[in-house]
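Hi everyone, thanks for coming.

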Amino acid sequence: MLDFVQNFPCFSIVSCMFAGIISSALKGKGAKILNLGVLLAVTVMSALTLGYVMDLGESYIYVMGTFSAPWGNELRVGVLEAAMALFFCVIMLLSLMGGQQKLQEEVEEGKQKLYYIMVDLLMSSLLALIYTNDMFTAYVFVEINTISACGLIMIRQWGRTIEAATRYMIMSLLGSGLLLMGLVFLYGLTGHLLMSNIHQGVVHIVEQGEYHIPLMVAIALMCTGLAIKSALFPFHSWLPDAYGYSTVASSAILSSLVSKGYIFLLIKIIYRVIGFDVIQQSKIINVLFVFGLAGMIMGSLSAIKESNIRRMIAFSSVAQIGYIYMGIGLGTEAGMTASVFHVLSHAVTKSMLFIAASGLLQASGDSTDFFDLTGAGFRNKTAGAAFTVGSLSMVGFPMFCGFTSKLLFARAAVDGSWKMLPALIVLAVSTLLNAIYFMKTVIRIYTPLREPAREKRFRKIGIGEQPMNFVALICFILLNVVLGLGAEPLVALLNNGLKMFA
Amino acid sequence: MGGNLLTNYGEAVAMILFGIGCTNLLLQKNLIKKIIGMNIMDTAIYLFLAEKGYIAGRAAPIIVDGIQEAEHYINPIPSGLVLTGIVVSVSVTALMLSLTIRLYQRYHTLDLDEISVMIKKEGK
Amino acid sequence: MDGWILIPIFLPVIAGAALLAFRRGTAGKNSDTGMEDGMSGKAQPESAGELKRLHLLVGAVLFVSALFALAAAWSGERQVTLFYLMADIPIYFRIDQVGALFVTFTSIVWVAVGVYSFVYMKHEGRERQFFGFYLLVYGVLVALDFSGNLVTLYMFYELMSLTSMPLVLHNRSREAVMAALKYLFYSMCGAYCGLFGIFFLYKYCDTLTFTAGGTLNLLLLGENGGLLLVAVFMMILGFGVKAGMLPMHAWLPTAHPVAPSPASAVLSGIIVKAGVLAVFRVIYYVVGPEFIRGTWVQTAWMSLALLTVFMGSLLAYREKVFKKRLAYSTVSQASYILFGLSLLSEAGVTGALLHSVFHAFIKSALFLTAGIFIFQCGKTRVEELRGIGKRMPKTLWCFTFAALALIGIPPASGFISKWYLAQGALEANVGVFGWLGPVVLLISALLTAGYLLPVTVRGFFPGSRAETSKEKAENELGAQAGQEDAEAVREHGGEPALGMLVPLAVMAALAVLLGLFPGALIEYAARIAAAVL
């Protein structure tokens, strides 16, 4: 007996996709309204699904089409998936809300429709990545995700973004090529494309002790591919330009959702496709750990050197992605929980930072000079407050969600074997480096400007001028504090979700 | 090992092609050559897939002469995957080419490094 | 229900936040004046009526919360769990004897300095902002003193660093910004060292709830003792930053000269003690003194503390800017306390606790004096203070009493705590430190006399006329650079207003009287020491 709620994941994917298709026949305004409507609907559906799965206590399989298990295509929905979907929708809504004004300024009137089409497609592909139980479907949606993300980057038509989009595409294509190759290897080894069936095949192979090297090659290829796509250090070269120069809503969405979608797929591969035990035994996880650590340090160092505030935040993303991979690399359940929590907490914080930074820049004549930000916190008070909260959260200040994820990481790290010391030391060093550049910026935006001549150039931005932006930032701040103080239920939920994930 | 390579020469060629494509995608400066490299890489994967699904001496999975037993046909799934993959790679190639056109219109060169230098000079 | 003990935490925090937010609110409404304030950095003149209301509000909030804090502290053990940060990490307040002691002197100093700032802050401007943060920090400090486990303590420790930073930043000059940044970085570095240790302790301790004698689980620890020692040392260093222990003491002399004097007073008298409290909690309530007794950690800790005692006094002796001199003196005196704690003996701990209390009163009194000198005649350097006793004898007498107490001249309070510290060193069985400690303390006391008493002596007996006329010429030079409104005051800069003199007198009197009647306090401190060892 199929409950009606069980259809919702499928509905959300399909409705997003159709919204994209229908939007192409609509005018700009219509596309925007449709997009908003669909996102709201998907949010509600995800929430209902989450409630349903929590009641059910286990994940369920939704068969797409008429073929069943080993041949057909299916979705699998558990607590973790539903929670992620809900969360992604909320972040997407808030990011669009916060970046809307800038979008209207920076994107030509006729192209705005395209932007919303891209957003629809991106949302659809993200949801599909979250829910799907089929590797090849995952690959196809990874590509859709890449293409629509590229569209989001280059919607603002100037040299920098087109170049950034090109670089982004090159790296992403390499990543998806590797992912596909790994997938084909796995298919060759096990003869299946459904995740659960591949897992059975892998378990069988490992028990027999056969095909060790091809299996490892397949895992390595997939991990590398997804690592490139989610900008793990040293594959991060495309990231600062792509995040730093595109319109702010795109930066927020790209940093908080697109890269997280790939990470979620990686976690899915680790848990559901290969199996946690096999991964733990392989050395690949240690490689992820080491690169995660390197990313934590190098990302922060690059951010310190950067004077363009948005590129600075982009580099900080590299460091934060490093945190997530470090958590995965610990190879423990606790590490995985910490990583998943950090996916959420980073998404909340980073999108808020991008939107706040754009508000501050707006109040500083859109100059890329760091010193023009002087006093920007007084000129745009909401953005100043939000940026401060975001920075404190990034630095791991208690009360905000960054602290909770650091606590979780550290708690996971002390359980690990030889990884304990490097993890804790790098965690401390990277936190300190974060503090250097974020606190520097916060103090700068709250230092009064003493030159009346320059002050004339800048304009003040009141709350009334950008009501949507204000509401979005306030929501982000609240979300941040809630995640910081009341993280316990969410952590329990994630734990529970990870258990039923495999 | 050598024997394996010889019997599976299709896969071996696919891997070599994959390497060539990959290197071209990363190291070529010219955008068109990069795109060609990408296509070689994708095609290599399809070759690999097709090679996986092929069983010597069997026919394509299209029913003719009323023969319905599976033993007479090759595995159809990889062929299906290859078709899907080709669609994806075509769309990605189209996107890349359109990006290249945009860049060429602005900067009158196909060299990505040169374009970077020019953008830096533009300032902003 | 013990929920009411949250009142002294949340009342000032809410009131402070409201003050700050209200400023923003008015700025939004008539944005021109509000923005002017924010952007030009000039003090926005507040009307007299508005100021009066502000003072009344701040005074009332401060007084009520201090009353509640004292009531909570002295009505027996109370505890309340706010909420759970993680399943096994509650944010939890519990008042024990140490917390009660710290809350008591914090509250007294905070109220007194608050009264003092009502007058003093006219000189600095932007009072609403100052008092907003002043109240915030008070709430956070009470929470810090009440916190019942390590994570709660850490949380409020960080909050304290953040909320006290604007006090340093107050005049927003370039120096102030740099000093605030330095303060923040030192605090954060320290806090992260502390956090690093907390992660380890979390694994190896039965609970992070403060328990006298420690909660370390030796079975869990197994082979990892060496690693944990490193972690504990990191924590001592990290929390020692706030207490100005070498090698991370440099924020104190930078932050104090630029901060308004009342802010310096509480920074030096109280906030430095937060570092002491954190170290005390970690060593005596979580790790347990037995674990580090006789290890390299204890030796290193003692050496660092003694070195700081000596270097602090020496630097203070050579320093010519009055507030900087006092800041170095704080570096030195706070390490007296840390040295007492590092001895791990009953007398040492007793001495350390006594010295925490005494130093809070003494150093606040000294900084309040420095503030009066700046407020009344704009003098910041020691040479300029020649003959000041003729103009403000009462102020200088208060200063003298406090100075005597800090040096440790017998009946005054500093003598008692130093006596216990020396006794602790002698009886603690710590080898060479047994005699080295008292010797260093003695030398440092001499240096203290050397850097504080000349102010008194020259203040009352300015010396030959030729010198004073030369001083006068210098003063006039300084006056041109100084603020214009101070000019008028300087001509007839006599005794300060009662609002400033009374808190100073109270602090100085406490410093002396506690030395004359120390019985109850010593007994109380000794009880704590006996409980934790």
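Let me start with a definition: I call two residues in contact if their C-beta atoms, placed from the backbone, lie within 7 Å. Please keep in mind that this is a predicted model, where local features need pLDDT of at least 70, side-chain atom pairs count only at pLDDT 80 or more, and totals for chains, interfaces and linings use all residues. Residues are numbered from 1 along each chain as its sequence is written, while chains are lettered from A and ligands numbered from 1 in the order in which they are written.

So, how many residues of chain B are in contact with chain A? There are 29, and they meet 20 residues of chain A. On chain B's side, the elements giving two or more residues are α2 (9-27), α3 (31-53), α4 (76-107) and α5 (112-122); helices here are DSSP runs of H or I, at least four residues, numbered from the N terminus. The most comes from α4(B), with 12 residues.

Across the chains, 2 pairs touch, and A and C have the most contacts. Chains B and C do not touch, with their nearest C-alpha atoms 26 Å apart.

Now to chain C. The axes of α17 (393-407) and α22 (498-516), lines fitted to C-alpha atoms over the stretch in contact, come within 9 Å and cross at roughly 30 degrees. That makes α17(C) roughly parallel to α22(C), the term for angles under 35 degrees. Among the residues making this contact are C:Cys398 and C:Phe401 of α17(C), and C:Leu501 and C:Leu504 of α22(C).

Definitions and conventions:
Axes are lines fitted to C-alpha atoms, for helices over the stretch in contact, and angles run from 0 to 180 degrees between N-to-C directions. Angles under 35 degrees count as roughly parallel, over 145 as roughly antiparallel, 65 to 115 as roughly perpendicular and the rest as oblique.
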